[in-house]
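My plan is to look up a few things and jot down what I find.

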Amino acid sequence: MATRNIRELGDEVLTKKCREVKEMNDRTRELINDMLETMYEANGVGLAAPQVGVLKRIVVIDIGEGPVVLVNPKIVETDGSQTGSEGCLSVPGKAGMVTRPNYAKVVAFNENMEEYTIEGTELMARAICHECDHLDGKLYVDLVEGELVDVEYEEE
């Protein structure tokens, strides 16, 4: 496993639509492991493959309950709404108010290409929607209500 460079706002790869994963192979497994390591190293709660320069429909999320791997995720249901501060590892040091569904249900494949369904509320729903947007070349900055604000991060 290795950490990868996180692409930042302005990098064209972040605006491109990702391709579906047709089969799981060693390179894709390595990508998933690297994405998890990169996300943890950056203290993020989610990371999508285009954020490390790979145009594949893969997302990793961990809101503190253990890692979730979503391969070819499709959001099949949302409900409610929540407005809150949102940031992104590809837009370091910034945050903005974004309205997202308060509930999201997604069908995806795991790292063994076994289909499963996961649902989440609040932070998990926000993370699912945020990361799945990345797979279609969409960034949260386009959804921000008002201005982006500077965020101070405390060193651990």
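**Cysteines.** I began with a definition: a disulfide is a pair of cysteine sulfur atoms within 2.5 Å. In general terms, a disulfide is a covalent bond between the sulfur atoms of two cysteines.

Before going on, I noted that this is a predicted model, where local features need pLDDT of at least 70, side-chain atom pairs count only at pLDDT 80 or more, and totals for chains, interfaces and linings use all residues. Residues are numbered from 1 along each chain as its sequence is written, and side-chain values use heavy atoms, with hydrogens and water left out.

How many disulfides does the structure hold? I found 0. For Cys18, the closest cysteine sulfur belongs to Cys132 and is 11 Å away, so it is too far for a bond. For Cys132, the closest cysteine sulfur is in Cys129 at 7.2 Å, and that is also too far.

I then checked burial (buried is under 20% relative accessible area, exposed is over 50%, partly exposed is in between, with a 1.4 Å probe and protein chains only). Cys18 is buried at 7% relative accessibility. Cys132 is buried too, with a relative accessible area of 7%.

**The core.** Next I looked for a nonpolar core, meaning buried Ala, Val, Leu, Ile, Met, Phe, Trp, Tyr and Cys residues joined through side-chain atoms within 4.5 Å. Nonpolar side chains tend to be buried together in soluble globular proteins. The largest core here has 21 residues, and those touching the most other members are Val59, Ile61, Val68, Leu70, Ile118, Met124 and Ile128.

Which elements give two or more residues to this core? I listed strands E2 (58-61), E3 (68-79) and E6 (103-109), plus helix H2 (123-135). These labels are DSSP runs numbered from the N terminus, helices being H or I with at least four residues and strands E with at least two. H2 gives the largest share, 7 residues. I also noted a second, separate core of 15 residues, with Val21, Leu31, Ile32 and Val69 among them.

**Strands.** Two strands pair if DSSP finds at least two bridges between them. E2 and E3 pair antiparallel over 4 bridges, and Val60 stands opposite Val69 in E3. The two strands form a hairpin with 6 residues between them, and Gly64 in the turn has a positive phi of about 105°. E3 also pairs antiparallel with E6, over 6 bridges, and Thr78 has Ala104 in E6 as its bridge partner.

I then found an open sheet of 3 strands in the order E4-E5-E8, with antiparallel pairing. E4 (82-87) and E8 (145-150) each have a single partner strand, so one side of each is left without a neighbour in the sheet. E5 (residues 94-100) and E8 share 3 bridges, and Lys94 has Asp150 in E8 as its partner.

Most residues other than glycine have a negative phi. Asn43 has a positive phi, near 60°, and sits in the loop between H1 (26-41) and E1 (46-48). Asn72 has a positive phi near 55° and is found in E3. Buried or exposed, I asked of Asn72? Asn72 is buried at 5%, while Asn43 is exposed at 61%.
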